[in-house]
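Subject: Structure handover

Hi there,

Here is the structure I promised to pass on to you. Please open it alongside this email, and then read on.

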Amino acid sequence: MLILGLESSCDETSVALLEAKKGKFVLHKNFVSSQIKIHKQYGGIVPEVAARHHVEIITPLVKEAIKDVKKIDIIAVTAGPGLATALLVGVETARALAYLWKKPLVAVNHLAGHIYANWLPNPLPPPYSKGETRELKFPILCLIVSGGHTELVLMKKHLDYQIVGETRDDAVGECFDKVGKILGLPYPGGPEVAKHATLGNPQAIKFPRPMLDSTDLDFSFSGLKTAVLYYVKTMKPASPAGRHLNNETINNICASFEQAAIDVLVAKTIRAAKKNKVKTLLLGGGVAANQNLQSQLQLAINQSLLNTKYLTLNSQYCGDNAAMIAAAGYFKALKKQFTPWDKLDIDPNWELR
Ligand code: KG4
Ligand code: ZN
C-alpha cells in the first residue's frame, strides 16, 4: 500500500510517501518545509502568513514526492487539531487529489500522527534505510509533548486512545517558547532553551514543580512560566526582557526551568506507566527531541524497575512531518476508516478520544 501523507497544521508544510509492504514500512520521501525563518521576525506564528506559505509550497512538494510513482493507493491528511487557515491548505489539497485520482482519503488527527511516528523505521541511516515496522506491544503509554499539547495517552490497541492525564493550562512546548521569549532568545524558544540548558546548572534556581504531588496524572505549566518571569523581573525590573542577563544567568535559568518541567513530566509518566501496567512507553511531539527529557525518562524507567520497554523517537520524527501522518493513516486504512472527499472537513479542536 502506497500512502501519500500531507501535513500543514501549523508552521511546517510536509509531504511524505510511505509504503507498507507486508506489515513493514518503507519511507520513500518525507519533505518538510519549515516556516521558522518567516515567523522568527514576528516572534511567533501568524496564522494567515502560515497559510499563505503552505499554499505556495504544498503543490511543488506533492509534485516532487510523486514524480516517479505510478499509483498512489491512499491519501492521508491532517484534519486537526491546529490552525484553521493552515489545516485548510492540506485538507483542500487532499480533497482535490482524492477527487481527481479517485483514491480513498483518510483524515488523521495530528496527535495520533505524533504517536504513530513511533512506528516509523528507526534508526534511519541517511537517506533512509529500507525499513522495518517497529514491534510495539500493547498496552502502550505515549507522552505527547508539543507546542499545543501535553497529554498522557493510553492505548490498549491500535486507534484506541484514552487520555489519562493532560495539561490544565499551557502545553509544555508553549512554556519552553514563552521562557525563551522572556529571556530574549530567538523563536522558537524550545530548542534555544534546551541549548542553553546544557551549559547551565539545573540546581541553580529552585523553580516550582507544579502538580508534582497531586494524585492525578494532570499537568500545569503556567505557574512555572510565571515563576521564570518573576525571577527575571526581580533581577533588574526596569530592563527590557532578558537583555540585562549575562550568559551564565541565562544558562542557569534555562537549565533550572527545564529540570523543573522534566521532573514533573517524568514523575507523572512513570506513575501512569505503573498504574496501567504498560508494556511500551513512547514519546511524541516537538519537545520529545529534548535530550535531557529522553535520557531522564530512560533513567527513571531503569530505577523504577518497570517491566516497560521505552523507545526513543528518531529526532527527525519528533517535529511535525507527513511521514507520521501517513503511518497513522495506514492503520486507519486497515480498518477502512475512510472519509469521502466531499465530506472531509477540518476540525481545529479535534480531540484525541
Ligand atoms: O510537535 P511540534 O513540532 O508542533 C506542534 O504540534 O506543536 O512541537 C513544537 C514544539 C515547540 O514548542 C518547540 O519549541 C518545541 O516543540 N521543541 C522543543 C525542542 N525542540 C522543539 N522543546 C524543548 N526542547 C527541544 N529540544
Ligand atoms: Zn505537532
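This is a predicted model: local features need pLDDT of at least 70, side-chain atom pairs count only at pLDDT 80 or more; totals for chains, interfaces and linings use all residues.

Let me start with the metal. Three residues coordinate the zinc ion (ligand 2): His-110 and His-114, each through NE2, and Asp-320 through OD, at 2.0 to 2.1 Å. Along the chain, the donors of the zinc ion (ligand 2) have the spacing H-x3-H-x205-D. Helix H4 (residues 110-116) carries both His-110 and His-114, which sit 4 residues apart, about one turn of the helix. Both of these histidines, His-110 and His-114, are buried.

Next, the cysteines. How many disulfides are there? The count is 0. A disulfide would need two cysteine sulfur atoms within 2.5 Å. For Cys-10, the closest cysteine sulfur belongs to Cys-318 and is 16 Å away, so it is too far for a bond. Cys-175 has its closest cysteine sulfur in Cys-254, at 12 Å, which is also too far for a bond. Is each of these two buried or partly exposed? Cys-10 is partly exposed, its relative accessible area being 22%, whereas Cys-175 is buried, with a value of 0%.

Finally, the surface. Tyr-99, Leu-100 and Trp-341 make a nonpolar surface patch of about 350 Å². Of these, Trp-341 is found in the segment after helix H10 (322-334).

Conventions:
Residues are numbered from 1 along each chain as its sequence is written. Chains are lettered from A and ligands numbered from 1 in the order in which they are written. Side-chain values use heavy atoms; hydrogens and water are left out. Buried means under 20% relative accessible area, exposed over 50%, partly exposed in between (1.4 Å probe, protein chains only). Patches are made of residues with over 30% relative accessible area and no salt bridge: like charges are joined within 9 Å, nonpolar side chains (Val, Leu, Ile, Met, Phe, Trp, Tyr) within 5 Å. Accessible areas come from the Shrake-Rupley method with a 1.4 Å probe; for residues, only the protein chains shown count as cover. A salt bridge is a side-chain nitrogen of Lys or Arg within 4 Å of a carboxyl oxygen of Asp or Glu. Helices (H or I, at least four residues) and strands (E, at least two) are DSSP runs, numbered from the N terminus. Donors are N, O and S atoms within 2.8 Å of the metal (3.2 Å for Na, K and Ca); water is not among the atoms, so sites may look incomplete.
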